[in-house]
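Subject: Handover of a structure

Dear colleague,

I am passing the structure below on to you, together with an account of what was found in it. Please keep it open while you read.

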Amino acid sequence: MPYRAPVSEFAFLMDHVVGMDRVAATEKFAEATPDTVQAVLTEAGKMAEEVLAPLNRTGDLQPARLENGVVRTSPGFADGYRAIAEGGYVAISADPEYGGLGLPMSVTTAVNEMIASACLSLQLNPLMTQGQIEALENHASDEIKELYLPKLVSGEWCGTMNLTEPQAGSDVGALRSRAEPKGDGTYAVSGQKIYISWGDNDFTENVVHLVLARLPDGGPGTKGISLFLVPRNLPNADGSAGVGNSLKVVSLEHKLGLHGSPTAVMQYDGATGWLVGEPHQGMAAMFTMMNNARLGVGVQGVGIAEAAYQHALNYALERKQGRVPTDEGFGTILDHADVRRMLTGMKAEVFAARALTLDLAVSIDLAHATGDADMTARAAFLTPICKAYGTDTGIAVADMGIQVHGGMGFVEETGAAQYLRDVRVTAIYEGTNGIQAMDLVGRKMMDGGAAAKALLAEIAATASASDIGGALTDAVAALGEATDMLTGMEMNDRFAGSVPYLRAFALALGGHYHLKAAMAEPGGVRAKLAESFLLRQLPELHSLLAQVRLGAEDLYALRDDDFAA
C-alpha cells in the first residue's frame, strides 16, 4: 500500500488557514519557525512513507500474540518503533528539561497524522505515551518526573492508560480496582482493566501504566477515584528497569481491525504503584491524558481517511471499466460521474477534518503559551467536535474507498477493507462519539453557549469576506438559532439532538476552512474543492438541525417491549 505524506498540505493549512504564525510569535514557541517545522514534517513524512507504511499490511496479517505470558509483536514493528523513537517523534511537544523538543502540539498533530496513515496499529503506541507524558508533566511529583519522563520521552519506555473495567464500560465511576497504602509511600494496586491499548510489548525496556483505582477512604463515583503509576518492571536505583511487578497480561482481544496493536486485559494483584496528583483527584489528572488522546484519536481518523483516499484514487486512476464520455470512448473509472462524486467528497471531507485537527492544536498551543481564557475555552469546545468528526470522517471515507473499488474492495487482497476495519474503533474508544456530542451540548455549553457563539462569529466573518460564502452565512444563522434553542432545553432533549448538532457544527467549520483556503488560492484547486463542499456537503447541516429541534419526545414513543415487536 504506497502512501504519500501530505507535507505540502500541512504547510498550506498552517500558513493560510489555521494561523500557525500566531503560535510561532509567542515566546514559548519562538523556535517553531516555518523552516524548523518544515524540516520536522519532511523527515517524519519520509519515515512514514519508507519505514512505517510497509508494516501496515504485515500487522494486519500477522497480529500481535500472547505467548507464554509474553506479548510478541508483529514482524518489523520493533524496527518501526525504533525509527519513531530515534527520530524524536514520541515526544515532539514534551518539555526540553526531560529531553523533549518543546515544539507545539500543532506540529505533533501533523506528525501523528502521517504515522497513523502509514501504520495506525503502531501509531497507537506513541500516542498513549504522549498522553502519559503530558499527564505526568502536569500532575506528578518531581521525583516521578525525574525518573520516568526522560525514559518515556526517549522511547526507551512507553506508557498506557487503564480506565475501563469489565463491569463499568464508559461509567468509569463504577470501577472496582483498589489501592491500599503500604506505609512506605507506595500503594498495592489490585483489579482488572480491559481494552488496554499496547498493554505490553517486546521492544521497550519497560511499560508504564497509569491506573485508576480507589483508595480505602475514596467515596463512590468518579470523585473518589485516584490515579496511580504502576510500571511493568520496578525501577532500579540507577533508573533501569528491574524486577517484574505483580501484574500480567491475561489475554489479548481478537478484534475487527488494528490487529498489530495488542489490546490487553490487564490484571493487577497488589502491584506496586505511586500516587499521581492528589488523593481522590485521579479523574482530573486522567482527563489531561484523555483530552490529549481525544485530539490524537481525531487525528487517527483523518490519517486513515487520507490513506484510504489515496488508495481509492490510485485504483480509480488505473481501473478501466465501462463506457465513459471521453474522446476515446473508454477511460478509467475516474471518468465516471459517480466515482468523481465519491472521490471529490472524500477529498473535501479529509481537508475539512484535517483543518479542524490543526485548528484545535493551534488553539491548545496558544492557550498554553499565553494563558488566554478565551483560547482555552475555544480549545475545550473544539475537542469533542474534533474527536467525533475526525473519526466519523475516517469511517465514512474508508467505507467510500471500498465502494470506489467496487467488488474488489470486498476482497481482502486489495487492502481497501483494512482501512475500514482499523478505523472503526476510533469512534468508540476515548469516549464514544455519542459521549463527545453529549459533552458538547452539556458541559461545553454551561457557559450559555458563549464559546459556540464566539466560533460562529469567526465563521460568519469568513463567510462575509468571500464571494461564495452565502450558503455558509445561512448555515451560521441556522446554527446560531439551534444553539440558542439547545441552551434552553432540558438536558435529555439536548442529548437527543447532540450528535446531529455536533456534525452540523463540524460542517460549518468545514465550510469556514474551505473558504479560507479558497481565498488564499483564488481560482485554484482548493477554490474548486471549497465550492464543491459548500454545494454538496454543507446543505446536510439544515436537515441535521431539523433533528436537533425535535428534542427527545419522539424517541420515547416506543415502549421498551415495542422494540422487540
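How many residues does helix α6 have, and how far does the helix reach from its first C-alpha to its last? Helix α6, residues 105-118, has 14 residues and reaches 20 Å, close to the 20 Å expected at 1.5 Å a residue. The expected span is 1.5 Å times one less than the number of residues in the helix. Helices (H or I, at least four residues) and strands (E, at least two) are DSSP runs, numbered from the N terminus.

The model is predicted, with local features requiring pLDDT of at least 70 and side-chain atom pairs counted only at pLDDT 80 or more, while totals for chains, interfaces and linings use all residues. Residues are numbered from 1 along each chain as its sequence is written, and side-chain values use heavy atoms, with hydrogens and water left out.

Burial is described by relative accessible area: buried means under 20%, exposed over 50%, and partly exposed in between (1.4 Å probe, protein chains only). In α6, 14 of the 14 residues are buried, so the helix is largely enclosed by the rest of the structure.

Strand β5

Strand β5, residues 187-197, is also largely enclosed by the rest of the structure, because 8 of its 11 residues are buried. Two strands are said to pair if DSSP finds at least two bridges between them. Strand β4 (residues 178-181) pairs with β5 in the antiparallel sense over 4 bridges. Within this pairing, Ala 179 has Val 189 of β5 as its bridge partner, and Pro 181 stands opposite Tyr 187 in β5. The hairpin of β4 and β5 has 5 residues between the strands, and there Gly 183 takes a positive phi near 85 degrees.

β5 also pairs with strand β11 (residues 263-276), in the antiparallel sense over 8 bridges. Here the bridge partner of Gly 191 is Tyr 268 in β11.

Residues with positive phi

Most residues other than glycine have a negative phi. Tyr 195, although not a glycine, has a positive phi of about 60 degrees. Tyr 195 is found in strand β5 and counts as exposed, because its relative accessibility is 54%. Glu 430 is not a glycine either, and has a positive phi of about 60 degrees. Glu 430 lies in the loop between α12 (416-423) and α13 (433-441), and is buried, with a relative accessible area of 16%.

Cores and cysteines

Nonpolar side chains tend to be buried together in soluble globular proteins. A nonpolar core is taken here as a set of buried Ala, Val, Leu, Ile, Met, Phe, Trp, Tyr and Cys residues joined through side-chain atoms within 4.5 Å. The largest such core has 164 residues, and those with the most contacts inside it are Leu 41, Leu 122, Leu 136, Tyr 501 and Phe 505. Apart from this core lies another, of 18 residues, including Leu 215, Leu 252, Tyr 268 and Leu 275.

Which cysteine sulfur is nearest to that of Cys 119? The structure holds 0 disulfides, a disulfide being a pair of cysteine sulfur atoms within 2.5 Å. The nearest cysteine sulfur to Cys 119 is that of Cys 158, 15 Å away. Cys 119 counts as buried, at 1% relative accessibility, and Cys 386 is buried with a relative accessible area of 1%.

Aromatic pairs

Rings of Phe, Tyr and Trp (its six-membered ring) pair if their centres lie within 6.5 Å; planes under 30 degrees apart count as stacked, over 60 as edge-to-face and the rest as tilted. The count comes to 7 aromatic pairs. One of them, Tyr 81 with Phe 203, is stacked, at 4.8 Å centre to centre and 25 degrees between the planes. Tyr 81 lies in helix α5 (residues 77-86) and Phe 203 in the loop between β5 and β6 (206-214), so the pair ties together parts that are 122 residues apart in sequence. Both Tyr 81 and Phe 203 are buried. Ring pairs link Phe 77, Tyr 81, Trp 198 and Phe 203 into a cluster.

With kind regards
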